[in-house]
Amino acid sequence: MAQLQREHGVAYVARQIRGVAKAGTGARIVLACTLLGVAAAFLLGVIGAAQEPVLIERAATSETQRMEAEGDDADEERAEAGADTGAEGDEIETVVVDVGGAVIEPGVVELDAGSRVADAIEAAGGLAIDADCTTLNQAQLLQDGQKVYVPKEGEIDASGALVDSSTQEAGQAATTLVNINAATLEELDALPGVGPATAQAIIDDREANGPFASEEDIMRVSGIGERKYEKLKGSICI
């Protein structure tokens, strides 16, 4: 289209030049200048009209490429996020606990993090016929390395303490044993004869002097003597 317009413009200018040739000298000069101006304006308009769609097309192409690039980046980010989520979902934390006492299959079991004492008992085959769960908190959350002991009938007295007997195994407890090197303030506070102040003293001592080397070592804590230790020894471990 632009080519056709230029050809018509050139033919027009040629006709006007021939007309100038027939006119006088002064008129020729004036007419020639006028024709040159008109021809120049005409040609510039034609060229501009021919080039304008090209500029628009290039701008549109550039915008399309930019949008496609942004879309590719977004897809890559979503794919990476999905991969990270999948990797995290594959990691399942577990706890390993030792289940003993009145259960069908005493021993070490591995459970999902967040499991409770009842789950540990079930993993050990369930309760034995002579189990006494009167003082056992089966809803307690398990900690890695914890000892869970299910007492047998006749092993606990009315106060919930372990009955002293030569037939009992060393280290048994009437309830779930509490690791005094890892127990929280609330777990220590639940021990027989231990209140909030003594529980905090146990934590302060182990932070200042290091972990307890034995259950008896808890007597180094201010406020815990031999009499109180006698009440604690069936409920704690290290």
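Me: A helix here is a DSSP run of H or I with at least four residues, and helices are numbered from the N terminus. With that in hand, in which helix does Val 117 lie?

Reply: This is a predicted model, and in it Val 117 belongs to helix α3.

Me: How many helices and strands does the protein chain have, and what pattern do they follow along the sequence?

Reply: There are six helices and five strands in the protein chain. Their order along the sequence is α-α-β-β-α-β-β-α-α-α-β.

Me: Is Val 117 buried or exposed?

Reply: Buried means a relative accessible area under 20%. Val 117 has 0%, so it counts as buried. Across the protein chain of 238 residues, 26% are buried.

Me: What does Val 117 contact, apart from its neighbours within four places in sequence?

Reply: Contact means heavy atoms within 4.5 Å. By that rule Val 117 is in contact with Leu 136, Asn 137, Gln 138, Gln 140, Leu 142, Val 148 and Thr 176. Take Leu 142: 25 residues separate it from Val 117 in sequence, while their C-alpha atoms are 6.2 Å apart.

Me: What share of the contacts in the protein chain between residues at least 6 apart in sequence joins residues at least 24 apart?

Reply: That share is 44%.

Me: Loops can be read in the same way. Where does Ile 104 lie, and which residues does Ile 104 contact beyond four places in sequence?

Reply: Ile 104 sits in the loop between β1 (94-101) and β2. Its contacts, with neighbours within four places left aside, are Ala 124, Gly 125, Gly 126, Leu 127 and Ala 128. From Ile 104 to Ala 124 is 20 residues along the chain, and the C-alpha separation is 6.3 Å.

Me: What about Thr 198: where is its place, and is Thr 198 buried or exposed?

Reply: Thr 198 is placed in helix α5 (residues 196-209). Its relative accessible area is 13%, so it is buried. Not counting residues up to four places away in sequence, Thr 198 touches Ile 224 and Lys 228.

Me: Turning to charge, how many salt bridges does a search of the whole structure find?

Reply: Side chains of opposite charge can pair when their charged atoms come close. The search finds four salt bridges in the whole structure. One of them joins the side chains of Arg 220 and Asp 205, at 2.5 Å from N to O. Arg 220 lies in the loop between α5 and α6 (226-232) and Asp 205 in helix α5, so this pair ties together parts 15 residues apart in sequence. Asp 205 is buried at 11% relative accessible area, whereas Arg 220 is partly exposed at 32%.

Me: Which other salt bridges are there, including that of Arg 220 with Asp 217?

Reply: Arg 220 meets Asp 217 at 3.1 Å, N to O, and Asp 217 is partly exposed at 22%. Another salt bridge pairs Lys 233 with Glu 230 at 3.0 Å, N to O. Lys 233 is partly exposed at 39%; Glu 230, at 47%, is partly exposed. Shared partners join Asp 205, Asp 217 and Arg 220 into one network.

Me: Which residues gather in a patch of negative charge on the surface?

Reply: Those residues are Glu 110, Asp 112, Asp 119, Glu 122 and Asp 144. Two or more residues of the patch come from each of β2 (107-112) and α3 (117-123). Asp 112 is in strand β2 and is partly exposed, with 47% relative accessibility.

Key. Residues numbered from 1 in each chain as written. Predicted model: local features only at pLDDT ≥ 70, side-chain atom pairs only at ≥ 80, totals over all residues. Heavy atoms only, no water. Patch = residues over 30% accessible without salt bridge, like charges linked within 9 Å, V, L, I, M, F, W, Y side chains within 5 Å. Areas by Shrake-Rupley, 256 points an atom, 1.4 Å probe, with all protein chains shown as cover. Lys, Arg positive; Asp, Glu negative; His and termini not counted. Charge placed at Lys NZ, Arg CZ, Asp CG, Glu CD. Buried < 20%, exposed > 50% of the residue type's maximum accessible area, 1.4 Å probe, protein only.
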